[in-house]
Amino acid sequence: MARIGVFICHCGENIGSTVDCAAVAKAAGELPGVVHSVDYKYMCSDPGQSMIKDAIRTQKLTGVVVGACSPRMHEPTFRRACNEAGLNPFLCEMANLREHCSWVHEKLPDTTAKAIDLVRILVEKVKRNKPLSSIKVPVTKRALVLGGGIAGIQAALDIAGAGHEVVLVERSPSIGGHMAQLSETFPTLDCSQCILTPRMVEVAQHPNITLYTYSELESLEGFIGNFKATIRKRARGVDEKLCTGCGVCTQKCPNKKIPSEFNEHLGTRPAIYVPFPQAVPNKPVIDRDRCTYYSKGKCQVCAKMCPTKAIRYDQEDELITIDIGAVVAATGFTIKGTDFFPEYGYGQYPNVITGLQFERLASASGPTLGVIRRPSDNEIPENVVFIACAGSRDSAKRLSYCSKICCMYTAKHAMLYKHKVHEGRAHVFYMDIRAGGKMYDEFVRRAIEEDQVNYIRGRVSRVFERNGKMIVKGVDTLLNGQSIEIEADLVVLATAMTAQPDAEATAQRMKISYDADHFLSEAHPKLRPVEMNTAGIFVAGACQAPKDIPETVAQASAAASKVVGLFSRSELAREPVVATVNRTAPPLFSTCVGCFLCETACPYQAIERDDIRGRDGQLIRQVAKVNQGVCQGCGTCVALCRSKAIDLQGFTNEQVFAELLAV
Amino acid sequence: MSEFEPKIIAFVCNWCTYAGADLTGTSRIKYSSNVRIIRLPCTGRIDFMLILQAFGQGADGIIVSGCHPGDCHYTAGNYHARRRWMLFRRLMDFVGVDLRRVHFSWVSAAEGAKWAELVNQVVDEVRTLGPYKAFPQRFHENGFPVQLTVAN
């Protein structure tokens, strides 16, 4: 005989103001099998949890239903409370009265009626719950960090520093990411490379870190503690063991007019190249799409010149499979391209550039050696206009979010320009100035007050060319929307930060969620900001949302600490939501008929064939059996099974049909 | 007698649509209260007997919703569901289920607003169709597909 306890939470006003919680508790108390039903202001609080524990002990409850928030929020909390009171945690279920009821409906009798229905559905389910015990799985103490920007570098160093092995995979020929491209960083004007490159070197030299550059994640199988990652190490065309990084090949390569990706197409590079002088590893890559040898079959200058004979034209991609316990996704961001700003003339006029291009112009290692020169004629610009929110916060362009870093870097750019060109004039068109952060607002004030940057509150409608000048047409909303025109020599767009173009594919490869803008979705926006919904996968940096360097580093360290926490255990307890095949007395042994439809349906190859043998060892029949360490509990096999021999613990046929009968 | 209020049962997966419906709540988007959600790990878990049972139970409309193609937490559960659904539709049509009452959709964890829209749209459509009495009668003559063994 079931003895169910029902606990209805008001969640302060969140549920209580829309749903009549007392009425729900009263109605639940009258359901068959319910012996105890109460409501309380905050069930998740300490007194609330004590109420549940006391009731379990005094009422000898065999099951608990908590009508409160989403089980995705507090199911672990209440299951833990039940466990502490001696009730198997899997005999506790939650009815979602907040996210699925009080928050989405008006205060009407129907809403309370729905809440009662939701509780009744779960009461019928929990009556049929079976006590389960967690499944123990081993943990491989090796982490995969995907992306070698500052986020990935920080995460890799932290995990490696804690004594665990790290595999760092970077798509481009060198680690460093966008931070390596920056000139100076706000709000301290630290030289970006000066603070980054020592970290890059540390990564390369760390005994716990295996670095794969020019490589990509091909596939990720498995689950928390037990992933199997396949990495595609693309062919560099260079034997990394023999190459000393002397640079003769890059100097001698006759094909030098290729736009440099690192310099945002403002400079050039050869077909065999190292993206930038401080690259890690300092080993070149042959760009096969541009190398004359691959297109015409001739040249081979680099091979002839190489003192260590390290050039390998016939090198092929290599696939490397590694066992991994946890993954940190730090795949970074990109910025909006030329076709996105026809009104600003980007892509049409050479003197309309992006903020990232300006970084390269301002960088001492950039194409102009740190002198601000405009791309069209290499003249030093006298008037520079910076346009903030180029693309961001513009729902007409389907980018409603704020890119977060542009207010700060625009102030920095204007400041750097003024420091380098004293007599020059810098103008900034802005919507709002968002400078929340330590010393951030002070930094913007400094740009306006000390460096006399002309801040104009208003948007730009058009940028066009007239008599060799860029005409920026906009309004000043602080002057009653008066329209203004500025004759500029250079226009810098603070372009929107967006997810990587292949972010969706990357997320799908790792089976993690992403949002409408293709940024990765954390498990909870406030309480689980570095975890993904898929256990064992963590996130760091701008692949989750636009963020600046300090925030990225903080998040990377947070993700690393989560990984280290996971690795502090030698085995993990996994939810026992797995499939089982029934076993019955002879002569049937199981209702499984051995059709093995489940075997073909299972995405994890968790179905095995079990031989049932008589005492003489003779094979009687073969039935399905689930490898519970491999099964992830999707239940696809259950829905397929013709003889209902396979069932999913926690979501059994009996439970689900009972839920339906209670609707 | 007030206007007919349909009873809608939604079978959703835990990872996308259930989370999406949670987001609808967190975003405080209002929608019709006629829907009752049954949470399952994956749309691949949805045995189509559940749908017949739901109609037998007096549901006026059904929603089945999971992760978008390619986004399944379990790699391929939603593909199984989709394929099964394509076949089952014809069978349901054959046994006399009104297909306008069965809705299959993809709602991701980020699509809170889409979930509210979907529910409202299904409720409106089923409301104009009226109560569904024909199928439950026939269904009950043949009994339930699964016997419940635990007594109340």
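**Domains and contacts in a predicted model**

By a domain assignment whose bounds are automatic or taken from a database, chain A divides into domain 1 (4-126), domain 2 (142-234 + 317-332 + 500-571), domain 3 (248-305), domain 4 (334-498) and domain 5 (579-662). The model is predicted, with local features requiring pLDDT of at least 70 and side-chain atom pairs pLDDT 80 or more, while totals for chains, interfaces and linings use all residues. Residues are numbered from 1 along each chain as its sequence is written, and chains are lettered from A and ligands numbered from 1 in the order in which they are written.

Domains 3 and 4 of chain A

- The centres of domain 3 of chain A and domain 4 of chain A, taken over C-alpha atoms, are 32 Å apart.
- Contact, meaning C-beta atoms placed from the backbone that lie within 7 Å, joins 6 residues of domain 3 of chain A to 9 residues of domain 4 of chain A.
- On the domain 3 side of chain A that touches domain 4 of chain A there are 3 nonpolar, 2 polar and 1 charged residues (nonpolar: Ala, Val, Leu, Ile, Met, Phe, Trp, Tyr, Cys and Pro; charged: Asp, Glu, Lys and Arg; polar: the others, Gly among them).

Gly29(A)

- Gly29(A) lies in helix α1 (residues 21-29) of chain A, helices being DSSP runs of H or I with at least four residues, numbered from the N terminus.
- Gly29(A) counts as partly exposed because it has 13 C-beta neighbours inside 10 Å, between the limits of 20 or more for buried and 12 or fewer for exposed.
- Leaving aside residues up to four places away in sequence, Gly29(A) touches Val34(A) and Ser37(A).

Chains A and B

- The contact takes 47 residues from chain A and 42 residues from chain B, and α18(A) supplies the largest share of the chain A side, 8 residues.

Key:
Two residues are in contact if their C-beta atoms, placed from the backbone, lie within 7 Å. Helices (H or I, at least four residues) and strands (E, at least two) are DSSP runs, numbered from the N terminus.
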